[in-house]
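Before reading on, look at the structure below and follow the chain by eye.

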Amino acid sequence: MDELQKEYDELKALNLNIDMTRGRPSARQLALSERLLNIDFSYTGIDGVDVRNYGLIPGITEARQLMGEILEEDAQNTLVVGSSSLQLMYESVQRAIQYGVRGNVPWQKLNHVKFLCPSPGYDRHFTICEAFNIDMITVKLLETGPDMDTVEKLVAEDPSIKGIWVVPQYQNPTGITFSDETVRRLANMKVAAPDFTIFWDNAYAVHHLYDETENQDHVLDIGKCCREAGNPDRYFKFASLSKVTFPGSAIAAFASSEQNIREAKEHLFAQMIGSDKINQMRHATFLKNKKGVLEHMQKHAVELRPKFETVQEVLQEGLGDVDYASWTNPKGGYFVSFNCKPGTAKRVVEIAEELGVKFTEAGSTYPFCNDPYDQNIRIAPSMPIVEELRQAMRVLVVATKMAAEESENAA
Ligand code: PMP
């Protein structure tokens, strides 16, 4: 029997049921933050406000300092609101549409609003654009970040390009970190739209897989670069502690220039009377500061590192000598980006599903779920235990080879 078919049959007989669709922390990772649930914390913080009561819409100072440190922004220019950074991104876009940015025309009054979408990228950024009917322009993501020659050309010519989505460190899904040159070019480039804004989603700012600094990536601070370039308002920074403590029940932050924060704050005051200060105080007490967060993240790394290494091991073993397959080898974050033979990604995901392994839908790393090469698949190694992950990667290897063989036979 054909060797590949034999492997397929063997894997099929295992009756696998493994979900690799999203980058969720494993149960063991969640257990690392259990103390947060019954931690003793002071009801009155630096602000002198009882955290159990209404008040402090922009968040308690302790939490603003913590998130400001992570986002490299002053606490007074950091708002801690709710638990989801994605929601803050959505609201920033919505605010721009209804009210405009920095006194410019609200986007709803314009015929076209476009965003640059470096791809492969984070599917939920694209979903926000879809939700608001914002045109998406796919820009190639290189190992250094977005293809800046293309970005610079487009933003200089077209005033309807209002933003760019970026995950600058341990990018989702490639795990790459933008080079210093890329960050400086983003800050310095000439833009046709006065309200052009970089949506700097630093979701993986502290998510290192290795403890030694030489084995970590540290992206340059966009805020500092924008100020140096004379474009101090060009960026919105976002982050959360979703993958530090409990996704959905952590804290999220928006940080930017004084002017941008003033605008955002005005609208917040119309929305609420007080943020969830109890959760903020719990987090600030539990993690203390960035150093505390980094120490906590080392415990996550102990769980994640063997999983990322297993991905590399099995792929190298199964596909190392195959010229059409390639994948990234990140030093942090939550994902590995895998490229199979062009034109076969959808089929690879289909075969994997037959074998009981669910990957994120092929194409989802591109706007409108449309990967022009049909070759990119996002691997999210965090959830399964190592043994399951090993099986899932074996499935990916077999599915990749089978789909490639099928496409050759069809040619
Ligand atoms: N941004 C990126 C790049 C992500 O990968 C994720 C989580 N998958 C989020 C934002 C979502 O963050 P939050 O839980 O704060 O909404």
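The structure holds 3 cavities of 30 Å³ or more. This is a predicted model, in which local features need pLDDT of at least 70 and side-chain atom pairs count only at pLDDT 80 or more, while totals for chains, interfaces and linings use all residues. Residues are numbered from 1 along each chain as its sequence is written, and side-chain values use heavy atoms, with hydrogens and water left out.

Some terms come first. Rolling a probe the size of a water molecule over the atoms shows where empty space is left. On a 1 Å grid over the protein atoms alone, a cavity is a set of points where a 1.4 Å probe fits but cannot get out. A pocket is an open set with protein on both sides within 12 Å along at least five of seven lines, and lining residues have an atom within 4 Å of a point. Grid points are joined across faces, edges and corners, and a volume is the space filled by probe spheres set on the points.

The largest cavity has about 60 Å³ of space. Its lining includes P118, Y122, H125, W165 and F178. Two elements, α5 (123-131) and β6 (161-166), each supply at least two residues of this lining; helices (H or I, at least four residues) and strands (E, at least two) are DSSP runs, numbered from the N terminus. By class, the lining of the largest cavity has 8 nonpolar, 3 polar and no charged residues. Here Ala, Val, Leu, Ile, Met, Phe, Trp, Tyr, Cys and Pro count as nonpolar, Asp, Glu, Lys and Arg as charged, and the others, Gly among them, as polar. The second largest cavity holds about 40 Å³, and among its lining residues are E72, W200, D221 and K237. That lining divides into 6 nonpolar, 1 polar and 3 charged residues.

Now to the strand β6 itself. How many of the residues of β6 are buried? The count is 6 of 6, where buried means under 20% relative accessible area, exposed over 50%, and partly exposed in between (1.4 Å probe, protein chains only). Strands of a sheet pair through backbone hydrogen bonds, either parallel or antiparallel. Two strands are said to pair if DSSP finds at least two bridges between them. Strand β3 (residues 114-119) runs parallel to β6, joined by 3 bridges, and F115 stands opposite G163 in β6. β6 also pairs with strand β7 (residues 197-201) in the parallel sense, over 4 bridges, and I164 has I198 in β7 as its bridge partner. From β6 the chain crosses through helix α7 (residues 180-188) to β7, and this β-α-β crossover is right-handed: with the strands pointing away from the viewer, the path from the first strand over the helix to the second runs clockwise.

These strands belong to an open sheet of 8 strands with mixed pairing, in the order β2-β9-β8-β7-β6-β3-β4-β5. Its edge strands are β2 (78-80) and β5 (145-146), each of which pairs on one side only. β2 runs antiparallel to strand β9 (residues 252-256), with 3 bridges between them; L79 has F254 in β9 as its bridge partner.

A second open sheet has 3 strands in the order β10-β11-β13, with antiparallel pairing. β10 and β13 (376-379) stand at its edges with a single partner strand each, so one side of each is left without a neighbour in the sheet. β11 and β13 pair over 4 bridges, and S337 stands opposite R378 in β13.

The largest pocket has about 640 Å³ of space. Of the 24 residues that line it, L86, Y122, S242, K243 and P247 are the closest to its centre. Helix α4 (residues 85-99) gives the largest share of this lining, 3 residues. The second largest pocket has a volume of about 400 Å³, and β4 (135-142) gives the largest share of its lining, 5 residues.

One side chain remains. Q216 lies in the loop between β7 and α8 (222-228). Why does Q216 count as buried? Q216 counts as buried because its relative accessibility is 14%. The side chain of Q216 reaches the backbone oxygen of Y210 at 2.9 Å. It also makes a polar contact with the side chain of H218 (3.0 Å). A polar contact is a pair of N or O atoms within 3.5 Å; within protein, one must be able to donate a hydrogen and the other to accept it, and residues adjacent in sequence count only if both atoms are side-chain atoms.
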